[in-house]
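Visitor: I'm new to this one, could you walk me through it?
Guide: Gladly; here it is.

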Amino acid sequence: MEPAEETEASGGEPSEAAAEPRATTRGRRILIRVLLVVATVLVALGSLAVWANRQVLNANNWADTSSALLQNDAIRTQVADFMVDQVYANVDVAGELKAALPPRLQPLAGPAAGGLR
């Protein structure tokens, strides 16, 4: 039976509430937005709290995690490549070598810096 037939069979007329969906009021819209914002803030704070507990406040967990990661050859290679790129991007390696070498070997500072990389 359809809803209109049910109300007619029960002796009443179909109600307007059953025929049309109820419009969301302004207060409910505001409440929905407030609840979404509160839920988002709570999820962010909860995630930060879990991370802080596991990594910052528990030194053994941090040491175990970093040790396990550094034992992986692929991770160690990536970290080493990143560190070398950062050193060469932020330091004049050829200039540092040139300053450390005796005057006769200073012309070899550029090729030595390239070879070290």
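What follows is a short talk about the confidence, the layout and a few contacts.

Visitor: How many helices and strands does the protein have?
Guide: This is a predicted model, and in it the protein has seven helices and zero strands, so that reading along the sequence gives the pattern α-α-α-α-α-α-α.

Visitor: Where is the confidence lowest, and where is it highest?
Guide: The mean pLDDT of the protein is 82, with 83% of its residues at 70 or more. Confidence is lowest in helix α1 (residues 3-9), where the mean is 51, and highest in α3, where it is 94. Where pLDDT is low, the predicted coordinates should not be read in detail.

Visitor: Okay, new topic: at what angle do α6 and α7 cross?
Guide: The axes of helix α6 (residues 93-100) and helix α7 (residues 109-116) cross at roughly 125° and come within 8 Å. The two helices are therefore oblique to each other, and α6 passes α7 in a right-handed crossing.

Visitor: And which residues meet there?
Guide: From α6 there are Val 93, Ala 94, Leu 97 and Lys 98, and they meet Ala 109, Gly 110, Ala 112, Ala 113 and Leu 116 in α7. By class, that contact has seven nonpolar residues, one polar and one charged.

Visitor: What about Gln 55, is it buried or exposed?
Guide: Gln 55, which is found in helix α3 (residues 26-56), is buried, because its relative accessible area is 19% and the cut-off for buried is under 20%. Across the protein, 3% of the 117 residues count as buried.

Visitor: What is Gln 55 in contact with?
Guide: Leaving aside the neighbours within four places in sequence, Gln 55 is in contact with Asn 61, Trp 62 and Thr 65.

How values were computed
Residues are numbered from 1 along each chain as its sequence is written. This is a predicted model: local features need pLDDT of at least 70, side-chain atom pairs count only at pLDDT 80 or more; totals for chains, interfaces and linings use all residues. Side-chain values use heavy atoms; hydrogens and water are left out. Axes are lines fitted to C-alpha atoms, for helices over the stretch in contact, and angles run from 0 to 180 degrees between N-to-C directions. Helices (H or I, at least four residues) and strands (E, at least two) are DSSP runs, numbered from the N terminus. Angles under 35 degrees count as roughly parallel, over 145 as roughly antiparallel, 65 to 115 as roughly perpendicular and the rest as oblique. A crossing is left-handed if the near helix is turned anticlockwise from the far one by less than a right angle, and right-handed if clockwise. Contact means heavy atoms within 4.5 Å. Ala, Val, Leu, Ile, Met, Phe, Trp, Tyr, Cys and Pro count as nonpolar, Asp, Glu, Lys and Arg as charged, and the others, Gly among them, as polar. Buried means under 20% relative accessible area, exposed over 50%, partly exposed in between (1.4 Å probe, protein chains only). pLDDT is the predictor's confidence in each residue, from 0 to 100.
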